[in-house]
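Subject: Structure handover

Hello,

Here is the structure you asked for. My notes follow below it.

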Amino acid sequence: PVPTISWRRADGKQIPRKARRHRSSGLLEIPNFQQEDAGLYECVAENVRGRNVARGQLTFYAQPSWIQKISDVHAAIEERVAWECRASGRPKPSYHWLKDGEPLVAQGRVQLEQGSLTIANVTLADAGMYQCVAENRHGVIFASAELSVIAIGPDFSKTLLKKLTLVKVGGEVIIECKPKASPRPTYTWKKGRDILRENER
């Protein structure tokens, strides 16, 4: 006789409630398929003469999709720049980086780890367009950002050299000079027009 057909999951989990069973055609329909719906399914056919089971593995996959992108950075010379990009996907995406369209290789000041890029002691040569690339066998996506490296001449607008009055002859005086500058400046000191030289005092 015509068998009755039923469906079940071989892993013991319940077939999702959203699933629709068409008994007349032996069809199982799962709308809006998600990762938790993946697994081994069994179709069971029975009549008075016996029983038979057919198995099928449903696998979930997804092309990469950005969770975190990179954005433009303005950095001064000798600063440290760090970018991180993260993507979802099934299987888990792998990452690589491009600079101005060319593959970026980890070396010296440039460190790459999964979706992270770190550049230590930035120089003018590091300026350019960077891309984080995430890919799996189902797709590839790109996130782009520009690194602008700026040089700043010494700026004393936020540095205050105070007039100091000695309370006692022979005391110690410390005068700090910290201008904003990139790259790091060299310093010389003058008293009046004469350059100060280091001595025992």
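Where is isoleucine 175 found? Isoleucine 175 sits in the loop between strand 16 (152-155) and strand 17 (180-182). Strands here are DSSP runs (E, at least two residues), numbered from the N terminus.

Some ground rules. This is a predicted model, where local features need pLDDT of at least 70 and side-chain atom pairs count only at pLDDT 80 or more, while totals for chains, interfaces and linings use all residues. Residues are numbered from 1 along each chain as its sequence is written, and side-chain values use heavy atoms, with hydrogens and water left out.

**Surface patch**

Isoleucine 175 belongs to a nonpolar surface patch with Val173, Tyr187, Trp189 and Leu196. Together they have about 460 Å² of accessible area. Areas come from the Shrake-Rupley method with a 1.4 Å probe; for residues, only the protein chains shown count as cover. Patch residues have over 30% relative accessible area and no salt bridge; like charges are joined within 9 Å, nonpolar side chains (Val, Leu, Ile, Met, Phe, Trp, Tyr) within 5 Å. A salt bridge is a side-chain nitrogen of Lys or Arg within 4 Å of a carboxyl oxygen of Asp or Glu.

Isoleucine 175 counts as partly exposed because its relative accessibility is 43%. The cut-offs: buried is under 20% relative accessible area, exposed is over 50%, and partly exposed is in between (1.4 Å probe, protein chains only).

**Aromatic pairs**

The structure holds 2 aromatic pairs. Phenylalanine 33 and phenylalanine 60 form a tilted one, 6.2 Å centre to centre with 40° between the planes. Rings of Phe, Tyr and Trp (its six-membered ring) pair if their centres lie within 6.5 Å; planes under 30 degrees apart are stacked, over 60 edge-to-face, and the rest tilted.

Phenylalanine 33 lies in the loop between strand 3 (27-29) and strand 4 (39-47), and phenylalanine 60 in the loop between strand 5 (50-58) and strand 6 (62-68), so this pair ties together parts 27 residues apart in sequence. Phenylalanine 33 is partly exposed at 27% relative accessibility. Phenylalanine 60 counts as buried, at 18%.

Tryptophan 83 and tyrosine 130 also form a tilted pair: 5.2 Å centre to centre, 50° between the planes. Tryptophan 83 is in strand 8 (residues 81-84) and tyrosine 130 in strand 14 (residues 128-136), so the pair links parts 47 residues apart in sequence. Both tryptophan 83 and tyrosine 130 are buried.

**Backbone points to check by eye**

Most residues other than glycine have a negative phi, and most peptide bonds are trans. Asparagine 32 is not a glycine, yet has a positive phi of about 50°. Asparagine 32 is in the loop between strand 3 and strand 4, and counts as exposed at 58% relative accessibility.

Glutamate 78 has a positive phi of about 80°. Its place is the loop between strand 7 (73-76) and strand 8. Glutamate 78 is partly exposed, at 32% relative accessibility.

The peptide bond from arginine 90 to proline 91 is cis, with omega near 0°. Proline 91 lies in the loop between strand 9 (86-90) and strand 10 (94-99).

An open sheet of 3 strands runs in the order 1-4-5, with antiparallel pairing. Strand 1 (4-9) and strand 5 are the edges, each pairing on one side only. Two strands pair if DSSP finds at least two bridges between them. Strand 4 and strand 5 are joined by 9 bridges. Glycine 39 stands opposite leucine 58 in strand 5.

Best wishes

Technical notes. Helices (H or I, at least four residues) and strands (E, at least two) are DSSP runs, numbered from the N terminus.
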